[in-house]
Amino acid sequence: MEKSERHCERVFSNGDAYVGNIKQELPHGKGRYTWSDGTVYEGEWEEGKMTGKGRICWSSGATYEGDFSGNYLHGFGTFTADDGCVYNGAWRMNVQHGLGRKKYSNLDVYEGSWREGVQEGSGRYSWNAGNTYTGNWKAGKMCGRGAMKWENGDLFDGFWLDGLRHGSGYYRFSDGGYYFGTWTKGLKDGKGTFYPVGAKIPSLKKWYKSVGYYDMKHSLLSHTSSANLEDFSPKKPRVRRSLSEKLSIGGLFRSPGRISLRAKSLDGAFRVGDPTGEAPLLDGSFSLSFSSNEGQNKFQDQCSLVYEREYMQGVLIKERVRNDAAELSLKNKWRNKSQPKEQRKKPGQAIFKGHRSYYLMLNLQLGIRYTVGKITPVPMREVRSSDFGPRARIRMYFPRKGSKLTPSHKSIDFYWKDYCPMVFRNLREMFKIDAADYMMSICGGDGLRELSSPGKSGSIFYLSQDERFVIKTQRRSELKILLKMLPNYYNHVGAHDNTLITKFFGLHRITLKHGRKVRFVVMGNMFCTELRIHRRYDLKGSSQGRCTNKHEIDENTTLKDLDLSYVFQMDRSWRKSLFKQISLDCMFLESQHIIDYSLLLGLHFRAPEHLKALTESSNALHRESSDEGASSRELLIPPKGLLLVTHEPNSINTLPGPHIRGSTLRAAAAGDEEVDLFLPDAGRLRVQLGVNMPAQAIRKLPHVGAESEEIELVEVYDVVLYLGIIDILQEYNIKKKIEHAYKSLQFDPLSISAVEPQMYSKRFISFLERVFPDQMLKERR
C-alpha cells in the first residue's frame with residue numbers, strides 16, 4: 001500500500017457508509033460503499049470513482065458484477081435484473097454495447113451484437129415458443145437480411161425492415177411449398193411465384209444471386225451461440241462525458257451526496273418477443289394468415305404447375321397458372337415493380353440562412369432541445385394544480401457564447417420561457433410521442449418550413465421537417481386564453497381519445513435582446529399523411545365573408561364555407577361517432593366561452609384526373625353540358641379506388657400520431673370488424689375518427705333546359721377525409737360583443753361569425769350536419 005493510502009471506516013450524516021482504502025480523502029484501492037437505501041458496491045476504486053473489477057447490488061435486488069470505469073458499467077460483466085433477466089457481455093457507459101447474451105424473464109434469449117443498449121448488427125433471437133430469427137438487426141428490430149423459422153416448420157428467408165418482412169425473400173411452408181416474391185411492411189406486395197408441394201423449385205443459389213445477396217451461411221451470424229464471450233475483454237478507455245451523466249462522487253467526503261445508479265436504466269432496451277412489445281411474428285399462427293390459401297393444395301398430376309401471382313399490400317389481385325416443364329429464368333423476376341405514386345410537393349418554403357425567420361427558428365430549436373432534455377428525465381407523475389398557470393415555467397438565457405448551462409450557438413442572444421412543461425410533457429406521452437422523435441422532428445438538421453397564413457390573424461405557421469407538427473406564432477391574448485383553459489383542456493383530451501380538437505404539445509416564448517417577444521404553440525398536423533391533399537376547407541358555419549377570390553385559388557389555398565360545393569356520405573356508424581364527438585367537443589368549447597373555431601377539412605380525391613378545377617365558372621359548366629347533349633346527362637362515377645380490408649396491426653404503423661390516438665373504426669360492410677383503407681398506390685392506412693376516413697363526395701351539376709330539371713345530375717367522387725377542430729383560442733369577450741352588435745346592424749345576425757358561444761356551437765353543428773347528411777333520413781324523405 002502506498003504511503004498516501006490508508007484504511008478507514010466512515011458513516012455520513014445521510015446514512016451512507018464507506019469501509020476501505022482512501023487517498024486524499026477519496027476512495028482509492030479496494031473498498032465497500034453502502035448507500036442508505038441498501039445499495040452496496042464492493043470492489044476497486046480510483047480517486048473516488050468505481051474503476052476496475054467490482055460488484056454492485058441495488059436495493060431492488062438487481063446486481064452487476066464485472067468491469068467499471070469512471071463510475072460506469074464499462075467493459076465486460078454480468079447484469080441480473082430484479083425480474084430475472086440476465087445479460088452477460090460487453091458494456092459501454094452503463095449500456096450493453098458489443099457482443100453479449102441476454103436471457104429474458106420469459107425465457108427468450110438473444111445472442112449477438114448490441115449497440116447503445118439495443119440489438120444492432122448480427123444476432124440470433126430465440127423465443128420460448130420455439131421460433132428463431134437469425135440475421136441482422138438495427139435499433140432493436142429485425143432489419144436487413146435474416147431468416148425466421150417458426151415452431152410449426154414454416155421459414156422465411158429474405159429482407160426485413162423495422163421488424164417486418166420488407167423486400168425480396170422466399171417463404172417455405174411446413175408442407176414443402178414455396179413462395180418467392182417481395183414483401184412491403186410484412187405483406188406480400190408485387191409479383192411472385194408459388195410452387196406447390198412436389199413442384200420443382202428454382203435453384204436457391206441462383207435466386208440468391210439474382211436478388212443480390214449470398215448464401216445464408218456467408219451473410220448471417222453463425223457463431224453467436226457458441227461464441228465465448230468471456231474472451232472479450234476490451235481495454236479500458238478514457239471516459240469523457242458530461243458531469244450530469246456520470247455517477248460522480250468527487251465530493252464524497254466533503255458533502256452528504258450519494259451515488260445515483262439505477263437498475264431501471266440498465267434494462268430499458270426493447271425486448272423482442274415481449275408480449276407487450278412491438279416485435280412481430282411471435283408465434284407460428286401469424287404465418288397461417290399468409291399461407292391459408294397456399295398450404296392446402298391438391299397436387300395429384302400438378303407437380304409441373306406453378307402459380308404466378310401479384311399482390312397489393314397483402315391482397316391477391318392477379319393469378320396465372322403456368323406449366324413449369326422448363327425452369328424459367330429468375331432474373332429480374334423478384335424486383336418489386338410498384339406503381340408510381342402521385343408526386344406530392346412539400347408545402348411551404350424552406351427556412352435557410354438569410355430567411356427572415358432563420359434566427360427565430362434557431363432560437364426555437366435551441367429552446368425546445370433544452371426544455372425537452374430537462375423535463376424528460378423527471379419521473380412520470382400525475383399533473384398537479386401547481387403545474388398549470390403562467391408561473392409554472394422554465395426560464396433560461398441563451399447567450400451566443402454559451403454559459404455554464406447552455407451551449408454556444410450561431411444565432412442571436414435570447415431569453416427562453418417554456419410554459420407548463422410538465423403538462424405538455426404528459427400530453428406528448430398521452431399521444432405516445434417519443435421525446436427523442438419530437439426533438440428530431442422539430443430540431444433536426446433539415447430545419448422547418450414556413451407556411452403562408454390561411455387566416456386574418458397575421459400569425460406565421462411553420463411545419464416540422466417530417467410534417468408531423470405545426471408551429472404557430474401567437475398573440476399575447478391567445479397565450480393567456482390557452483393557459484387559462486389548459487386544466488380543463490387537459491382533462492377533456494384525457495377523457496376523450498377520439499377528440500377532434502387541436503392537439504397542443506408545447507407553449508413557448510422567445511424574448512430577443514431588444515425586447516421583442518414572440519410566442520409559439522406546437523400543435524399536431526392534421527394533414528400528416530402520405531396522401532396528397534387536393535382540397536382543404538376552413539368551415540365555421542357562418543356565411544358573411546366566407547368565400548375566396550376564385551382567381552387566387554391553388555391546391556394549397558384553404559377555402560371557406562361558401563366555396564364548398566360537395567356533401568359527403570360515409571358509413572352510418574362513422575357518421576354517428578363523428579357527430580357524437582363533435583357535440584362533446586363543442587360542449588367543451590362552449591363551457592370555455594370559445595367562438596370562431598372551425599372544422600379544418602382535407603380531401604384526397606382518388607380520381608383527380610376527373611376532377612374539375614374550382615376555378616371553372618358556372619358558364620363553362622353550362623357550355624359543356626349543352627355541347628355534350630342530353631345523352632351525357634347521367635350519373636358520372638369515376639373509377640372506384642377505395643377498398644376496406646380487415647385491420648392488420650402488424651402491416652401498418654398503428655402507433656397513434658400527433659393528431660389522433662383513438663381506436664380503429666369498425667365498418668358494417670366488413671362485418672363490424674376494425675378496418676384498414678387499402679389504396680393500390682399507397683398501401684394500407686388505419687381508419688380512425690378524423691383520419692383516413694373514406695367517403696363519397698357528391699356535387700350537383702347545373703340544370704340546362706327544361707327537360708333536365710326532371711333529372712338530378714350529380715358528380716360522385718371517392719375521397720379520403722381528414723378533419724379536426726382548430727382555432728379554439730378566441731373568447732367571446734367585450735370586443736367580440738361589440739363586433740356582433742355593429743355587424744348585426746348591417747347583416748343578418750345569424751350570418752356573422754361573432755355570436756355568443758351557445759348560438760355558435762348550435763349553428764356550427766347544424767351546418768356540418770348538412771355537409772355530412774344522414775343517408776337514412778334522405779331515403780325516408
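# Salt bridges in a predicted model

The side chains of Glu530 and Lys185 form a salt bridge, with 4.0 Å from N to O. The pair links distant parts of the chain, 345 residues apart. The model is predicted, and it holds 21 salt bridges.

**Exercise 1.** Locate Glu530 and Lys185, and classify the exposure of Glu530 and of Lys185.

Solution. 
- Step 1: Glu530 sits in the loop between strand E28 (517-524) and strand E29 (535-539).
- Step 2: Lys185 sits in the loop between strand E16 (178-184) and strand E17 (187-188).
- Step 3: Buried means under 20% relative accessible area and exposed means over 50%, with partly exposed in between.
- Step 4: Glu530, at 49%, is partly exposed. Lys185, at 39%, is partly exposed.

**Exercise 2.** Determine which parts of the chain the salt bridge of Arg356 and Glu450 ties together, and classify Arg356 and Glu450.

Solution. 
- Step 1: The closest N and O atoms of Arg356 and Glu450 are 2.5 Å apart.
- Step 2: Arg356 lies in the loop between strand E21 (349-350) and helix H4 (358-375), and Glu450 in strand E24 (residues 449-451), so the bridge ties together parts 94 residues apart in sequence.
- Step 3: Arg356 is exposed at 64%, whereas Glu450 is buried at 10%.

Technical notes:
Residues numbered from 1 in each chain as written. Predicted model: local features only at pLDDT ≥ 70, side-chain atom pairs only at ≥ 80, totals over all residues. Heavy atoms only, no water. Helix = DSSP H or I, 4+ residues; strand = E, 2+ residues; numbered from the N terminus. Buried < 20%, exposed > 50% of the residue type's maximum accessible area, 1.4 Å probe, protein only.
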